[in-house]
Amino acid sequence: MKLTVFGASGGVGREVVRQALHADHEVTAVVRDPARLGVPAHPRLLVATVGDLGDADALEPVLAGRDAVLSALGAGTNKKAKAAPVTGPAAHAILTAMGRVGVRRLSVVSAAPVGPDVPEDGVLTRAVVLPLLRRALRDLYADLAVMEAAIAASDADWTVIRPPRLLNRPRTGRYRRVFGGNVPGGRSIGRGDVADALLASLADPAYACRAVGIAT
């Protein structure tokens with residue numbers, strides 16, 4: 001496939017680029033600073049610099065002719081959500097540009113706290129831990145919620161992947177998934193496995209127009 005990856009210089013995005021190239025895909029890695037990509041030059045890798053991810057006009061050239069779009073913008077790259085939301089404005093621009101150039105497949109990373117609580121996790125987690133986490137990172141999760149709402153309201157063929165706490169671990173391929181919810185007892189997952197889930201969603205019809213919780 002011909003893929004465009006947003007947030008390619010982040011922890012998950014870098015893994016997406018590496019795994020996609022290993023799987024023989026052609027990759028356009030969208031970054032603000034090419035020096036931060038951290039992936040060796042490759043004949044099937046094109047690095048594109050876009051300064052404003054909220055500018056649909058600027059995104060059209062990196063989306064035209066692609067089979068699918070993946071976004072790893074999120075918790076790892078959106079640390080200043082309060083000052084300048086990233087994922088919400090980027091989602092609107094990406095969807096607009098996709099519509100203009102005729103690309104329909106979109107798979108993005110969100111976060112588990114944006115999804116529903118899991119009854120199996122117990123009262124302490126649901127009544128204390130999650131509310132504290134959501135309060136501490138409310139601007140980040142609000143931004144991700146705007147992104148999810150824009151995607152769900154679009155006519156794109158979309159998937160939202162919701163991981164819990166991200167760890168710097170390589171792909172194992174061994175993780176749990178819950179369609180439409182979060183994973184019971186899911187506390188963490190490696191960035192390599194989040195990238196694996198993003199790429200797997202492109203070929204699996206079960207992921208179409210679904211939010212999917214993943215965790216080890």
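This is a predicted model: local features need pLDDT of at least 70, side-chain atom pairs count only at pLDDT 80 or more; totals for chains, interfaces and linings use all residues.
Residues are numbered from 1 along each chain as its sequence is written. Local features need pLDDT of at least 70, side-chain atom pairs count only at pLDDT 80 or more, totals for chains, interfaces and linings use all residues, and side-chain values use heavy atoms, with hydrogens and water left out. Helices (H or I, at least four residues) and strands (E, at least two) are DSSP runs numbered from the N terminus.

Helix α3, residues 87-101, packs against helix α5, residues 138-152, at an angle of about 20°, and their axes lie 7 Å apart. Axes are lines fitted to C-alpha atoms, for helices over the stretch in contact, and angles run from 0 to 180 degrees between N-to-C directions. The angle makes α3 roughly parallel to α5 (under 35 degrees; over 145 counts as roughly antiparallel, 65 to 115 as roughly perpendicular and the rest as oblique). The crossing of α3 and α5 is right-handed, a term used if the near helix is turned clockwise from the far one by less than a right angle. On the α3 side, Thr 87, Gly 88, Pro 89, Ala 91, His 92 and Leu 95 meet Asp 143, Leu 144, Val 146, Met 147, Ala 150 and Ile 151 of α5, where contact means heavy atoms within 4.5 Å. By class, this contact holds 8 nonpolar, 3 polar and 1 charged residues. Ala, Val, Leu, Ile, Met, Phe, Trp, Tyr, Cys and Pro count as nonpolar, Asp, Glu, Lys and Arg as charged, and the others, Gly among them, as polar.

Helix α3 also packs with helix α2, residues 56-63, at an angle of about 55°, with axes 8 Å apart. The two helices are therefore oblique to each other, and their crossing is right-handed. Residues of α2 in this contact include Leu 59 and Leu 63, while those of α3 include Ile 94 and Val 101. The contact of α2 with α3 has 8 nonpolar, 1 polar and 3 charged residues.

A search of the whole structure finds 1 cavity of 30 Å³ or more; a cavity is a set of points on a 1 Å grid over the protein atoms alone where a 1.4 Å probe fits but cannot get out. The largest cavity has a volume of about 50 Å³, a volume being the space filled by probe spheres set on the points, which are joined across faces, edges and corners. Two or more lining residues come from each of α3, β5 (105-109) and α5, and α3 gives the largest share, 4 residues. The lining of the largest cavity comprises 8 nonpolar, 2 polar and no charged residues.

Conventions
On a 1 Å grid over the protein atoms alone, a cavity is a set of points where a 1.4 Å probe fits but cannot get out, and a pocket is an open set with protein on both sides within 12 Å along at least five of seven lines; lining residues have an atom within 4 Å of a point.
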